[in-house]
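Work through the exercises below with the sequence and the structure open. Each task is followed by a solution in steps.

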Amino acid sequence: MQATICTIRGFLPIFLLLMVTSAVHAVASAEEADIPKFKWSQDEDTLYITIEVPCKNETIDIAADKDFFGFSCVSLVDGKKKTLAFSPREDIVAETAKCAGKERAYETCTLKKVHRHYFDRLWAPEDDKKLTAKAKVDWKAMNDEEAEDFLGYSTKHVKSLDEQALDKLKAKAKKKRMPLVVDVSFPWCSKCKDTRDMFEVAARKLHKKAYFGYVDAREERRLSRSFQTDCTHVCTYHVLPQGEAEFTEVEAKSGEKSSQFIKKLERHLKPALTAAKNIEAIRKAASKFGAAIVSTFHTAKHPQETLAMRKASMQFRDAAFMQLSDKKAAKALGGEEWVYAVMKKNKKVVLPFPRDQELTESNLIDFAKKAIAPPLTLDYTFEKRLPLEKSKIPVAKIYVKETMKNNDPFLSIIKRVSKKFQGRIATLVCSTEPYHMDMVDAGLPKDKFPAIAIHDKLEGRPPESLRYAYVAVLKGGLLVVIACGSSRRSRR
């Protein structure tokens, strides 16, 4: 006979589950002598519990939640009710809890784990008193693996936090107008080992600019659920920027340099939408963030546009979103109330938000991605693809010989023209042999350099994405190719 706990949505089933849970806890507290002996083992996915009591099939009852498991039945031996109830060490998948028994022998229950790894123990520490004498580890069935737990940060600048301590630190950060950075992670998660080192370096360097804290997700389970904590190859840290009510996420990857991680953190410490005093402040922000997206709208007269800017700024932190209220300074951008982009590599070029588009959060984010795209990418590699892929703008691929030097007159022209079209066309110099294979797809001779092909997007494949394909010359021809990039004609 097999008994399985079912998950049913709605208020009444939850209410009944709480009643069952409370009743099992009450029985367990009142009659500790009726806790049956049991053995347990595990693999990465599942907990196995063998309850050493023969049960009457019709009396078996199971209750399970993510942080609770309860089993009870009437024994065939003495006719008494036996109850095993505890909080698992970490979260379980309640709807998969099931028990199957061998009649007149024992019951075996299986509990699936939410996070795939080996528990250091079966139950939470608060259940030690009632369960320790009743439990044994089934070493014959155990498929265990010794895991080294993270013991916490060594620097005083990272505070260990429980739910109450986090609330206090959030209140202090709000009062002091300081941002807050929190690591919420499982101590057994070895995938985040390298990034924890980066987090500690960041805390030592930025402790005067922000508060830092650590939450042990295994011990603070309810708190960790609110952050949707998991153990993956991309480790996530949580930042509460100055003056904001919600945490934002900053990802860190194993192998990333500490300086890169710190730079990402710093982008999230300040409020998403900041006030710009003058043009110089905008240009400084563009240099730091890659681009500055500036609104010259009067906030009171244009609440919808201002709200769209604020939402976009909170979702996309790679660019600086700024509000410029000075009318004289606004004239230097465009003269009328609108949204403009000032780019890092070419601060004198101001790119207006497209007039035929609605000023929405998603459109503003797409506009910002275009603005931060580098105008010219030399020595193209896989790592340099990301900003170009995000930008979703046309890409001019320039094919040159591997022996071409940086001071070549041809490249000098490319650099000047690419700046002029920053934010509208990204220029990519392909100088290595593997990228020369694309020339044939674009209809170009594979042995004539320099050559150029303009695509709608970086990963577009001809002929659908191809706009132009030319063998270039050092005269006006190259300028014509780039300048006509918005055309839909294809020349070969």
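Predicted model: local features only at pLDDT ≥ 70, side-chain atom pairs only at ≥ 80, totals over all residues.

**Exercise 1. Compare the span of helix α6 with the expected one, then state which of its residues are buried and what covers them.**

Step 1. Helix α6 runs over residues 258–269, which gives 12 residues.
Step 2. From the first C-alpha to the last, α6 reaches 16 Å, close to the 16 Å expected at 1.5 Å a residue.
Step 3. The cut-off for a buried residue is under 20% relative accessible area. In α6, Phe261, Ile262, Leu265, Arg267, His268 and Leu269 are buried.
Step 4. The cover over these buried residues includes the strands β11 (180–185), β12 (211–216), β13 (234–240) and β14 (248–253). It also includes the helices α4 (193–206) and α7 (279–289).

**Exercise 2. Describe the largest nonpolar core and the surroundings of Phe199.**

Step 1. The largest nonpolar core holds 40 residues. Leu180, Val181, Phe199, Phe212, Phe261 and Leu265 have the most contacts inside this core.
Step 2. Two or more residues each come from α3 (163–176), β11, α4, β12, β13, β14 and α6.
Step 3. Helix α4 gives the largest share of the core, 5 residues.
Step 4. Leave out residues up to four places away in sequence; Phe199 then touches Tyr153, Val158, Val181, Val182, Asp183, Phe212, Gly213, Tyr237 and Phe261.
Step 5. A second, separate core has 39 residues, among them Ala276, Ala320, Ala341 and Ile372.

**Exercise 3. How many disulfides are there, and what pattern do they follow?**

Step 1. The test is a pair of cysteine sulfur atoms within 2.5 Å. By this rule there are 4 disulfides.
Step 2. With bonded cysteines counted along the chain, the pattern is 1-2, 3-4, 5-7, 6-8.

**Exercise 4. Which parts of the chain are linked by the disulfides Cys189–Cys231 and Cys192–Cys235, and what is the handedness of each?**

Step 1. In the Cys189–Cys231 disulfide the sulfur atoms are 2.0 Å apart. The value about the S-S bond is 85°, and the link is right-handed.
Step 2. Cys189 sits in the loop between β11 and α4, and Cys231 in the loop between α5 (221–226) and β13, so this pair ties together parts that are 42 residues apart in sequence.
Step 3. Cys189 is buried, with a relative accessible area of 1%. Cys231 counts as buried at 15% relative accessibility.
Step 4. Cys192 and Cys235 are joined with an S to S distance of 2.0 Å. Their torsion about the S-S bond is about -105°, so this disulfide is left-handed.
Step 5. Cys192 is in the loop between β11 and α4 and Cys235 in strand β13; the pair links distant parts of the chain, 43 residues apart.
Step 6. Cys192 is buried, with a relative accessible area of 7%. Cys235 is buried, with a relative accessible area of 3%.

Definitions and conventions: Residues numbered from 1 in each chain as written. Heavy atoms only, no water. Helix = DSSP H or I, 4+ residues; strand = E, 2+ residues; numbered from the N terminus. Expected span 1.5 Å × (residues − 1). Buried < 20%, exposed > 50% of the residue type's maximum accessible area, 1.4 Å probe, protein only. Contact = heavy atoms within 4.5 Å. Core = buried A, V, L, I, M, F, W, Y, C linked by side-chain atoms within 4.5 Å.
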